[in-house]
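Subject: Structure for you to look at

Hello,

Here is the structure I said I would pass on. My notes on it follow below.

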Amino acid sequence: MGHRSRNKQPPPEPLKENASPKKPGKRKADAVEEKAARPAKKAKDQTQKSKKASKTKKKRASSADAWEDVEDDMDVKAQARSLFEDSDGEDDAFVGDLDEFDMDDDEPLRGPIQAFDFDTDEEESETEILGKTKKSKQIERPSQIIPTGSNSDSDDSDADSDDPITMANMEARSRALDAQAAAEAELDMEEMQAAAFDEDAEEDFDMDDEDEQVEVEDVSHLPTAEEKEEEKRKGGPDVHVVQRRMRQCVRVLGKFSKRAEQGRSRSEYVEQLVSDIASYYGYNEFLAEKLFQLFPVAEAIEFFEANEVPRPVTIRTNTLRTRRRDLAQALVNRGVNLEPIGKWTNVGLQVFESSVPIGATPEYLAGHYMLQAASSFLPVIALAPQPNERVLDMASAPGGKTTHIAALLQNTGVVFANDANKARTKSLSANVHRLGCKNVVVCSYDGREFPKVMGGFDRVLLDAPCSGTGVISKDSSVKVNKSERDFTLLAHLQKQLILCAIDSVSPDSKTGGYLVYSTCSVTVDENEAVVDYALKKRPNVKLVDTGLEFGREGYTKYRGKVFNPSVSLTRRFYPHVHNMDGFYVAKFKVEKRGKNSTQETSNNGKVDTEVTGITETNVDEKGEPIGFDDEEDRPYLEEAARRRMKAKGLRPPPRTSTVKTAA
C-alpha cells in the first residue's frame with residue numbers, strides 16, 4: 001500500500017507549483033499539467049488499511065533509515081534519477097530536474113515517491129499496465145546457459161524463434177535445428193575425446209611419490225600358487241577382491257610393457273583374468289576362455305557384463321492382420337509404453353513397460369503381433385522372400401521366423417515349416433493358426449533327410465541348432481553345461497545341415513536360389529568355420545551381401561585359421577554393441593553346377609578325405625581311390641543287427657546270407 005498507510009492518513013496532496021523557488025520549465029510544466037489532469041486513484045478500504053498498518057510502518061521506517069544513511073556530499077540528484085529511470089512504468093516516469101525541491105527537507109522528495117503504489121493490485125491505470133508488459137533486463141537474458149555455437153548463430157536462432165511458424169519458414173527452421181543439433185553433437189564428441197585424452201595422460205603420468213608407487217605395485221600384484229590355494233581353502237576369493245583384480249588386469253594388459261609386474265608374462269595375466277571372469281560371472285573356465293578369445297581385453301569384459309542384463313522386450317507386428325501404427329495405438333490405449341525398434345525394420349516395436357501382460361492382451365490373442373526377439377528379425381530380412389515362392393524353414397519351431405516369412409509372402413506361395421522335434425510342432429502349429437498364416441505346411445523330418453524328402457525350393461532358411469552362447473542373458477544354464485565335446489558335436493551337425501540345405505535350393509529358380517544360415521551363437525566354430533566348410537564342399541555356391549545395414553563383419557582370420565575372404569560378407573551381432581542377442585547371419589547364392597563341380601576337391605586338388613573317408617593310402621597302383629563293396633559288407637551288417645536285437649531280448653529275423661569266416 002506504499003507510504004500512504006502511515007497513521008492512516010489520506011493520500012498526500014500533489015505538489016504545489018510554488019514548492020520550488022525556481023520557475024518550472026516548459027517540459028516540466030507540461031508534465032505537471034498532465035499529472036493534474038489524470039484522475040486520482042481510489043482510496044483503499046479501511047479494513048485493508050487496518051490489516052497492513054503494522055507492515056507499512058516497518059516499510060516507512062526502513063525507507064527513512066535509507067534516506068538518513070545518504071551522505072551529504074553524495075549526488076542525490078543522480079541517485080533519484082536512476083531510481084526513476086529503472087522503474088517499469090514509462091508514462092509515470094519522473095520528468096525534469098530536482099532543483100525545484102528544497103534539498104534541506106526530505107519530505108518533498110517523499111511526495112512523488114508515494115504516488116507509486118507498488119503493493120496494490122486493484123484498478124491500475126492503463127499506463128501502468130502497459131509499463132509492466134515491457135521486458136526487463138533479466139527477461140532479455142539468453143535462455144541457454146552453455147553456448148553451442150557462435151554468437152551470430154545464436155542471435156539468428158533467437159530471431160527465428162521469435163517469428164511465428166509458417167509454411168514458408170518451416171523448412172529453414174528445421175534446417176537450423178538440424179545444424180544446431182549437429183554442432184552440439186560435434187562439441188560433445190570433442191569434449192569426450194578431450195576427456196579420454198586427459199584420462200590417458202593421467203594414467204601415463206609417472207608418479208614420483210613413494211606411497212603412490214607402493215599402491216600401484218600392490219594393485220598390479222598377481223597372486224601366487226600358495227595364495228590361490230589359501231583362497232580356495234577359505235571358500236573362494238572375495239567378490240570385491242576379484243572385481244578389483246579384474247579391473248587392474250585389464251589395465252595392465254592395455255599397456256603391458258609399462259604396467260606389468262617384473263618377472264610376470266602376459267599369459268599369466270590373461271590366465272588370471274579368465275579365472276576371475278569365470279568365478280565372478282559364474283562360467284566354467286573352458287567357456288570363459290573361449291568367449292574371452294573373441295574380443296580385445298576391454299571389450300571382453302563389456303561382453304560378459306552385457307550377458308548379465310536382460311535384452312529389451314520386442315514384438316513383431318503381424319502385417320497379415322494389422323498395421324504397426326494401429327497396433328501401437330491400441331497397445332498405448334491399454335497402458336503399454338513402446339516405440340519403434342529402429343529404421344532397419346518396419347514391423348518391430350520395443351516395449352519399455354506395460355500395465356497389462358504383453359503376452360495375454362486381446363491383440364495378442366487375435367494374432368496382431370508375435371513376441372519375438374529383435375535378433376530373430378535379421379535372418380528373415382536377409383532372406384527377403386518374394387511372393388509366390390516356395391520357401392523352406394528347416395528348423396522352424398516355435399514359428400516366429402516362419403510366420404514372418406508368411407507375412408512377407410502375403411499368404412502367397414507356400415512355406416514348409418519343418419522341425420526335427422515333433423513335440424515342438426504343437427507350438428508351431430498354434431502360432432501359425434493364431435497369426436492367420438494360410439500358406440504354411442508343418443512337417444517333422446530330420447533336416448539331413450530333406451533333400452531326399454523334397455527339394456527344389458526358391459529360398460531356404462536354416463536357423464541351425466547351436467550352443468546358445470548369444471542368448472546367455474535368457475538362459476544362464478549355458479554358462480556351466482557346455483563343454484568342448486558339445487561344440488564339436490554341434491559344429492559337425494551344423495556342417496551336415498548346411499550341405500543339405502544347399503542341396504535343397506533350386507539353382508534354376510528365377511527369383512530366388514538363396515540360402516540364409518544363422519545361429520544364436522557367437523563362437524567361430526559354429527559360424528565362420530561352418531560357412532567356410534560349405535564353400536569348400538559346394539563350389540557352386542558363393543556368399544553375397546546380407547542386405548543388413550549394421551552388424552560387424554565376420555572373421556576371415558582367427559587364431560591361426562584362415563577362412564575364405566568372402567566370409568567378411570557375413571554379419572555378427574553382439575549384445576554389448578547392438579543391444580540384442582548375439583547372432584550370426586550368412587547368405588549364400590546357389591548357382592548351377594558346372595562340369596567340374598561334381599568332383600569335391602580341396603584347394604590343393606586332392607580328393608577330400610572328410611567326405612569320402614578315403615585316405616592317401618587307400619588307392620591302387622593307378623592312383624584311383626578304392627571304394628567299398630556293399631554286397632560284401634551286407635552279411636556283416638545283418639549279423640551285427642541280429643546281435644543287437646538278441647541283446648534287447650527281441651527275436652531276430654532269419655539270416656538271408658551267411659558270413660564267411662576266415663580259414
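At roughly what angle do the axes of helix H14 and helix H15 cross? The axes of H14 (residues 285-292) and H15 (residues 297-306) cross at roughly 125° and come within 10 Å. Axes here are lines fitted to C-alpha atoms, for helices over the stretch in contact, and angles run from 0 to 180 degrees between N-to-C directions. H14 and H15 are therefore oblique to each other (under 35 degrees counts as roughly parallel, over 145 as roughly antiparallel, 65 to 115 as roughly perpendicular, and the rest as oblique). On the H14 side, Ala288, Leu291 and Phe292 meet Val297, Ala300, Phe303 and Phe304 of H15; contact means heavy atoms within 4.5 Å.

Before the rest, some ground rules. This is a predicted model, in which local features need pLDDT of at least 70 and side-chain atom pairs count only at pLDDT 80 or more, while totals for chains, interfaces and linings use all residues. Residues are numbered from 1 along each chain as its sequence is written, and side-chain values use heavy atoms, with hydrogens and water left out. Helices (H or I, at least four residues) and strands (E, at least two) are DSSP runs, numbered from the N terminus.

Next, the sheet. Four strands make an open, antiparallel sheet in the order S2-S3-S1-S4; two strands pair if DSSP finds at least two bridges between them. S2 (336-340) and S4 (369-371) are at the edges with a single partner strand each, so one side of each has no neighbour in the sheet. From one strand to the next the twist averages 35°. S1 and S3 (residues 348-354) run antiparallel and are joined by four bridges, and Val313 has Val351 as its bridge partner in S3.

Thr314 lies in S1 (residues 313-317). Is Thr314 buried or exposed? Thr314 counts as buried because its relative accessibility is 6% (buried is under 20% relative accessible area, exposed over 50%, partly exposed in between; 1.4 Å probe, protein chains only). A polar atom of the Thr314 side chain lies 2.5 Å from the backbone oxygen of Gln372, and the side chain also reaches the backbone nitrogen of Ala374 at 3.2 Å. Leaving aside residues up to four places away in sequence, Thr314 touches several residues, including Ile341, Leu349 and Met370.

Elsewhere, strands S6 (residues 414-418) and S7 (residues 440-443) pair in the parallel sense over four bridges. Asn418 has Cys443 as its bridge partner in S7.

Regards

Technical notes:
Polar contact = N/O pair within 3.5 Å; in protein donor to acceptor, adjacent residues only side chain to side chain.
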